[in-house]
Amino acid sequence: MIRRAASEEIVDLAGLTRELHALRDEAVAAARSAASTSELEELEVTLLGKKGRLTVVLRGIGALPAEDRPRVGAIANEVQAAMRAAFADGAATLRARELGERLGAEAVDVTTPARPVRRGTLHPVVETANRIAAIFGQFGFQVYEGPEVEDDTTNFRMLNIPPDHPARDLWDTLYVDVPDHLLRTHTSPGQIRVMQSARPPIRALLPGRCFRYEAVDASHASEFFQVEGLMIDQGTTLGDLKGLLDQFAQAMYGAGRRTRFRPGYYPFTEPSVAFDVECLVCGGSGCPACSRTGWMTILGAGMVHPVVLQYGGIDPERYQGFAFGMGVERIANLRYGVGDLRLYMENDLRFLEQFR
Ligand code: PHE
């Protein structure tokens, strides 16, 4: 018996069964050959989905004579189950394959050498200050630290520089609040602080940052480092100072370096000296680096003025001492041949990395 289905196809039992089997075979083949889970999912929707081809075929069952329907219905159920199983199988196979591929692609090669860690270095100024401290450490000097914001009394008055004294012109001062607090213009106030906190014999080294109101150029900085030295004991003389600084110059710049002392002036030392090392660039014959003198001044020094000892609470009749102060950048310049002070403050890695 032949009838027309809604889709205008000719529907009969044998035809429907063939169609169902064809669909099943197609699904099995597709599930096997799909290249990816997404492709497989698409095929599943086209064949098995609510609006898929199986649904269309099943609709034809309604057009069959009532006595044929149960048989086709049974076949249809089998076909549907077979198709579902084929897609489930295919999906499982594909998922396993895709996982395997991903694991392969994302695999970490644990034998690859690690990226090198960039190691920093000490700043050349810090490195030089450490070297200075190491040399004086061998002579029994101990490192102290004073504050960067000082009071006027410790930075000036107790160092024998009264207010309005012309010697203040030597230090162009940055005040934090006028007239009592300032950024220390030198490390010398550390002398007072050490004397107030320790009893002689004293051998102190005071490294630190100093500040001055300067027009900045290659040889003037508004921020720089000094290392102050202070020794106080009974019977300390200028001869001890000269011997010590000479030893320091040999240790810092090599044995056999010629040195010299010249008279100098500081309000807090009496007598005061300037200490020169033979020019490291020309070896003493005279060149632009040493203004053709053959000498380079590396520090100021002198015997601690009795008034300063008194301010520090030390009896100048019993104790004598000497002090010295050097600019660390200047020493570093001579060590490394750096010609511009500004380089130390710029934090340019191209400069800093040269001190590895
Ligand atoms: N404080 C002096 C300066 O900054 C250097 C100095 C220190 C001189 C100790 C004598 C003694 O110029």
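Modeller: A residue is counted as near a molecule if one of its heavy atoms lies within 4 Å of it. Please keep in mind that this is a predicted model. By that rule 15 residues surround the ligand here, and the closest are His-186, Ser-188, Arg-212, Gln-226 and Glu-228.

Colleague: What kinds of residues make up the shell around the ligand, in terms of nonpolar, polar and charged?

Modeller: The shell divides into 6 nonpolar, 7 polar and 2 charged residues.

Colleague: Which side chains place a polar atom by the ligand, and at what distances?

Modeller: A polar contact is a pair of N or O atoms within 3.5 Å. In this model an N or O atom in the side chain of Ser-188 is 2.8 Å from a nitrogen atom of the ligand, while a ligand oxygen atom lies 3.0 Å from an N or O atom in the side chain of Gln-226. For Arg-212, a polar side-chain atom is 3.1 Å from an oxygen atom of the ligand. Taken alone the ligand exposes 330 Å², and the protein buries 93% of that.

Colleague: Where does the ligand sit, and which elements give two or more residues to the shell around it?

Modeller: The space that the ligand takes is the largest pocket. The elements giving two or more residues to the shell are β8 (223–233), β11 (295–304) and β12 (320–327), and β12 gives the most, with 3 residues.

Colleague: How do strands β9 and β10 run, parallel or antiparallel?

Modeller: Strands β9 (residues 259–266) and β10 (residues 269–278) run antiparallel and are joined by 7 bridges. They form a hairpin with 2 residues between them, and Gly-264 stands opposite Ser-272 in β10.

Conventions:
Residues numbered from 1 in each chain as written. Predicted model: local features only at pLDDT ≥ 70, side-chain atom pairs only at ≥ 80, totals over all residues. Heavy atoms only, no water. Polar contact = N/O pair within 3.5 Å; in protein donor to acceptor, adjacent residues only side chain to side chain. Areas by Shrake-Rupley, 256 points an atom, 1.4 Å probe, with all protein chains shown as cover. 1 Å grid on protein atoms, 1.4 Å probe; cavity = no way out; pocket = protein on both sides within 12 Å on 5 of 7 lines; lining within 4 Å. Sits in = over half its atoms within 2 Å of the grid points. Helix = DSSP H or I, 4+ residues; strand = E, 2+ residues; numbered from the N terminus. Nonpolar A, V, L, I, M, F, W, Y, C, P; charged D, E, K, R; others polar. Pairing = 2+ DSSP bridges.
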